[in-house]
Amino acid sequence: LTLSSLALEIGLTHLLSTFYYPPFVYIVLTIAILGISLGAALAAFRPQWANINSVSTYMAGAGLSAMLLIIVAVFTASMSFGVPILVLAMIVPYFFTGLAVTSLFSARSSQSRLYYAADLMGAGIGAVAIIPLMNIFGAIDALLLVSTLFAVAALLFDEGRIALAVTVIGVLIYGSNLYSNWLSVDMGNL
């Protein structure tokens, strides 16, 4: 989960600073923190949402919303009104990440040391892995792959139908873009 979350954040900073302007990095970082905080706050104010049985659904939600975010980012890159839509779309995967992490830590607080270690290791691996992934596949395909990893994490956590469906959707979107490159940007139009 945190591997995908941090890799998405770093990949978005690269992609969106290319689409818009380099200081857009700060917007990405701010929106990621805002989304995670909103998810954690909701779990704190609505304890029924901090349910261990919902963690897989939250992870799958993060994956699906991250996939949609990449598609929105590409299709709104050359639109003058694209930034507000993009900012709203950016909040959603991080909101689900905040819900998932808070729910996991709340439900299994006795194992918080292990979860925190896994959290840090996942984030560290994601921060390092996204760079060669972007070099090999390009930023858009690397971000689609990372978005699919959210759903794979949900599937590994709990073999539910939602996680399986989002994983299949992610693989189909990623594979179809690798095959036909339907999700690309003409940099001359930016």
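At roughly how many degrees do the axes of helix α1 and helix α2 cross? Roughly 145 degrees, and the axes come within 8 Å. Axes here are lines fitted to C-alpha atoms, for helices over the stretch in contact, with angles from 0 to 180 degrees between N-to-C directions. Helix α1 covers residues 2–19, and helix α2 residues 24–45. Helices are DSSP runs of H or I, at least four residues, numbered from the N terminus.

A caution on the source: this is a predicted model, where local features need pLDDT of at least 70, side-chain atom pairs count only at pLDDT 80 or more, and totals for chains, interfaces and linings use all residues. Residues are numbered from 1 along each chain as its sequence is written, and side-chain values use heavy atoms, without hydrogens and water.

Back to the pair. Who makes the contact, meaning heavy atoms within 4.5 Å? From α1, E9, L12, T13, L16 and S17. From α2, F24, V25, V28, L29 and A32.

Now T148, in helix α6, residues 139–157. Buried or exposed? T148 is buried, because its relative accessibility is 6%; buried means under 20% relative accessible area, exposed over 50%, partly exposed in between, with a 1.4 Å probe and protein chains only. Beyond neighbours within four places in sequence, T148 contacts M67, T167, G170, V171 and Y174.

Next, I169, in helix α7, residues 161–180. I169 is partly exposed, at 35%. From T148 it is 21 residues away in sequence, and 8.2 Å away C-alpha to C-alpha.

Methods: Helices (H or I, at least four residues) and strands (E, at least two) are DSSP runs, numbered from the N terminus. Contact means heavy atoms within 4.5 Å.
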